[in-house]
Amino acid sequence: MHIRLAQESDYQKIYELVQTAFLTAQVSDGTEQDFVLKLREGDTFIPQLEFVAEDNNELIGHIMMTKQNIQTQNSILTGVLVAPLCVKKEYRNQGIGRALITHAHQCARQLGYQAAFLVGDPLYYHRFQYFQTNKFNIKNNSEIPDQYVLACELNHDSLKNIVGEINIVE
């Protein structure tokens, strides 16, 4: 398995991978592949933070991160939103999701981002040090239930001593 930066020539395969992967996801609204397109077209897209996992030249996993603002008392903290992360069904439970998120976190740190956010299963993402945003004094202002809006410090104590609000738009 090899992780690399996504290329424009991968976009159609990524669309199909995301669509297929989310057919068997525990939580899905069936539009995740279109969400990827929407994110790429927006001003929060970070091309340096979209990655694919390959096995024998076959796309088996995908992750992308976009900018996510947190309104704090005095300023705006810009972190990254992880959305979506997916692995082809027959490759699941082999560490590919872990490898993708670890790689993406490392690259986000190198670009200067201090925190990552996502909407997902807390039982799965806890292993990557994601916790409900309220643990970090960040109020969830979206319609998504609090238990699924998660945050991760990319650097030690990067969310310490802040009070803020997040509004994740899907």
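Student: Which elements do the buried residues of H2 pack against?

Tutor: The buried residues of H2 pack against H1, E2, E3 and E4. Contact here means heavy atoms within 4.5 Å. Buried means under 20% relative accessible area, exposed over 50%, and partly exposed in between, with a 1.4 Å probe and protein chains only. Helices (H or I, at least four residues) and strands (E, at least two) are DSSP runs, numbered from the N terminus. Bear in mind that this is a predicted model, where local features need pLDDT of at least 70 and side-chain atom pairs count only at pLDDT 80 or more, while totals for chains, interfaces and linings use all residues. Residues are numbered from 1 along each chain as its sequence is written, and side-chain values use heavy atoms, leaving out hydrogens and water.

Student: Which residues of H2 are buried, and how do I read their pattern?

Tutor: An α-helix has 3.6 residues a turn, so residues three or four places apart point the same way. In H2, the buried residues are Glu32, Gln33, Phe35, Val36, Leu39 and Arg40. They share one side of H2, because they cover an arc of only 155° around the axis. The arc is that of the directions from the helix axis to the C-beta atoms.

Student: How many residues does H3 have, and how far does it reach?

Tutor: H3 (residues 96–110) has 15 residues, and the distance from its first C-alpha to its last is 21 Å, close to the 21 Å expected at 1.5 Å a residue. That expected span is 1.5 Å times one less than the number of residues. Its buried residues are Ile96, Gly97, Leu100, Ile101, Ala104, His105, Cys107 and Ala108. These cover an arc of only 170° around the axis, so they sit on the same side of H3. After H3 comes glycine 112, with a positive phi near 95°.

Student: How should I read a positive phi elsewhere, and which residue in the turn between E2 and E3 has one?

Tutor: Most residues other than glycine have a negative phi, and most peptide bonds are trans. The residue in that turn is asparagine 56, with a phi of about 50°. Asparagine 56 is exposed, at a relative accessible area of 74%. Asparagine 93, in the loop between E4 and H3, also has a positive phi, about 60°, and its relative accessible area of 85% makes it exposed. As for peptide bonds, the one from alanine 83 to proline 84 is cis, with omega near -15°; proline 84 is found in strand E4.

Student: How do I follow strand pairing, and how many bridges join E2 to E3?

Tutor: Two strands pair if DSSP finds at least two bridges between them. E2 and E3 run antiparallel and are joined by seven bridges, with alanine 53 opposite glycine 61 in E3. E3 is also antiparallel to E4, through 10 bridges, and the two form a hairpin with three residues between them. Another antiparallel partner of E3 is E9 (residues 164–166), joined by three bridges. Because 11 of its 15 residues are buried, E3 is largely enclosed by the rest of the structure. Elsewhere, five bridges join the antiparallel strands E5 and E8, where valine 119 is paired with valine 149 in E8.

Student: Is histidine 62 buried or exposed?

Tutor: Histidine 62 is buried, because its relative accessibility is 0%. This residue lies in strand E3, and its side chain makes a 2.8 Å polar contact with that of glutamate 50. A polar contact is a pair of N or O atoms within 3.5 Å; within protein, one must be able to donate a hydrogen and the other to accept it, and residues adjacent in sequence count only if both atoms are side-chain atoms.

Student: What about the nonpolar core: which residues touch the most other members?

Tutor: In soluble globular proteins, nonpolar side chains tend to be buried together. A nonpolar core is a set of buried Ala, Val, Leu, Ile, Met, Phe, Trp, Tyr and Cys residues joined through side-chain atoms within 4.5 Å. In the largest one, of 29 residues, Phe117, Ile138, Leu159 and Ile166 touch the most other members. The elements that each supply at least two residues of this core include H1 (11–23), E4 (76–87) and E5 (115–119). H1 gives the most, with five residues. Apart from this core lies another, of 28 residues, among them Ile3, Leu85, Leu118 and Tyr130.
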